[in-house]
Amino acid sequence: MSLDRETREHLVATIRRFVDERLIPAEAAVAEADAIPPDIIEDMRALGLFGLTIPEEYGGLGLNMSDEVAMIFEIGRAAPAFRSIFATNVGIGSQGIVFDGTPEQKAAYLPRLAAGDLIGSFALTEPDAGSDAGSVRTTAVRDGDSYILNGTKRYITNGPIAGVFTVMARTDQSQPGARGVSAFIVDAGTPGLSTGKPEKKMGQQGAHVCDVIFEDCRVPASALIGGVEGVGFKTAMKVLDKGRLNIAATCVGLAERIIDDMMDYAVTRKQFGKPIADFQMLQVMFADSRAEAYAGRTMVEDAARRRDAGENIAVLASCAKMYASEMVGRVADRNVQVHGGAGYIREYRAEQLYRDARLFRIYEGTTQIQQGIIAKAMAADARRRAGL
Ligand code: COS
């Protein structure tokens with residue numbers, strides 16, 4: 001669904017207010033406690049944030065990509081731990097079901113995911129299958145009307161609190177690559193499924209990742225997404241195409257917020273008798289940051305528009321994710337520099353956002369994986385042009 005202009009502006013303004021009045025003031029406490037207060041999560045539910053991308057017939061807002069990124073630019077301005085709690089429901093934890101689920105699977109899970117009553121999580125990565133996502137070793141062996149899952153998934157976002165997992169597991173042992181992989185919907189309470197202890201991370205305190213372990217975990221055959229074996233890798237890639245654009249929008253939002261922080265500091269902090277904003281060496285950092293954030297925003301908006309128009313945006317999503325995640329890293333680094341000694345001190349947000357931003361260059365596909373996707377497509381185009 002495409003929102004009319006007035007509704008979209010109203011929603012953007014509402015989220016902006018929520019971020020400014022509720023989330024940003026709570027950042028320090030959330031980082032300290034490594035937890036998001038329940039009342040904030042309740043407000044997120046009331047705002048519909050868990051269901052931004054889930055179709056209206058299942059209780060979500062059913063936003064198209066352009067409207068989604070408009071909301072995410074705003075949410076991105078808060079410390080990333082806040083988005084993490086609902087981001088899997090908006091992205092990788094729900095979209096496999098939205099894209100490829102059967103009507104029964106959609107009806108069983110999407111309404112609760114949209115309402116935020118159930119947290120969805122995406123279990124692809126394994127100890128020995130990170131960037132090489134097609135090499136998953138977790139197995140799903142058919143046994144009558146069931147599949148039996150065995151294996152370990154690693155660094156699973158929202159793993160400790162998820163109620164349901166989209167799990168990529170190998171159903172065809174004779175196919176070592178992507179074609180042997182299928183996607184399953186597995187409830188957290190299923191016997192044989194357990195979670196490890198939450199990892200201690202560099203940043204994004206308040207968001208949690210852990211191992212998800214399957215030991216003879218029996219799920220009904222109806223848990224196979226779409227009821228089709230061997231297409232789970234493609235489901236995962238389609239989910240990631242969209243997820244990468246969402247991450248890019250988050251990076252743009254965070255960069256814009258950091259730029260505001262940087263300038264607020266630079267116009268008030270005085271050295272050598274004048275605000276440090278007036279020093280040309282710092283002005284280079286401000287201007288580069290502003291131009292790069294604008295470039296990131298423009299890329300995200302263009303890719304979103306094209307996706308809404310029906311184009312395959314896999315390469316554009318990789319371009320946007322790569323650029324925006326690297327860009328926010330540079331901006332966060334400059335912000336620490338502009339803050340000088342204060343940039344290294346916990347009390348100021350600069351050091352936290354610097355650590356928080358680091359993850360964006362890694363998850364949902366590292367920068368190097370995005371470069372590989374982009375370059376492979378460029379070579380394929382060139383070969384086609386050359387008739388090779
Ligand atoms: N949409 C739909 N299908 C896709 C696709 C996409 N974006 N990308 C690949 N596919 C399909 C291919 O068309 C191919 O299908 P066929 O077998 O029918 O030809 C199949 O999937 C395998 O594709 P490919 O050969 O390109 O797979 P690779 O094993 O070479 O892996 C990369 C490709 C590296 C791009 C993939 O493994 C990847 O994205 N890795 C990073 C994983 C990641 O982001 N992890 C983060 C975890 S979630 S936080």
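How far apart do the end C-alpha atoms of residues 231-378 lie? They lie 25 Å apart.

## Model and numbering

This is a predicted model: local features need pLDDT of at least 70, side-chain atom pairs count only at pLDDT 80 or more, and totals for chains, interfaces and linings use all residues. Residues are numbered from 1 along each chain as its sequence is written, and side-chain values use heavy atoms, with hydrogens and water left out.

## Annotated domains

UniProt, in an unreviewed entry, gives residues 231-378 as "domain: Acyl-CoA dehydrogenase/oxidase C-terminal". Such annotations may be inferred rather than shown by experiment. This span is 77% helix and 3% strand (DSSP runs: helices H or I, at least four residues; strands E, at least two; numbered from the N terminus).

The unreviewed entry also lists residues 6-117 as "domain: Acyl-CoA dehydrogenase/oxidase N-terminal". Here the chain is 71% helix and 0% strand. The end C-alpha atoms are 29 Å apart.

## Surface patch

Tyr344, Ile345 and Tyr348 make a nonpolar surface patch of about 370 Å².

Ile345 sits in the loop between helix H9 (314-339) and helix H10 (349-358). Its relative accessibility is 42%, so Ile345 counts as partly exposed (between buried, under 20%, and exposed, over 50%).

Note on methods. Patches are made of residues with over 30% relative accessible area and no salt bridge: like charges are joined within 9 Å, nonpolar side chains (Val, Leu, Ile, Met, Phe, Trp, Tyr) within 5 Å. Accessible areas come from the Shrake-Rupley method with a 1.4 Å probe; for residues, only the protein chains shown count as cover. A salt bridge is a side-chain nitrogen of Lys or Arg within 4 Å of a carboxyl oxygen of Asp or Glu. Buried means under 20% relative accessible area, exposed over 50%, partly exposed in between (1.4 Å probe, protein chains only).
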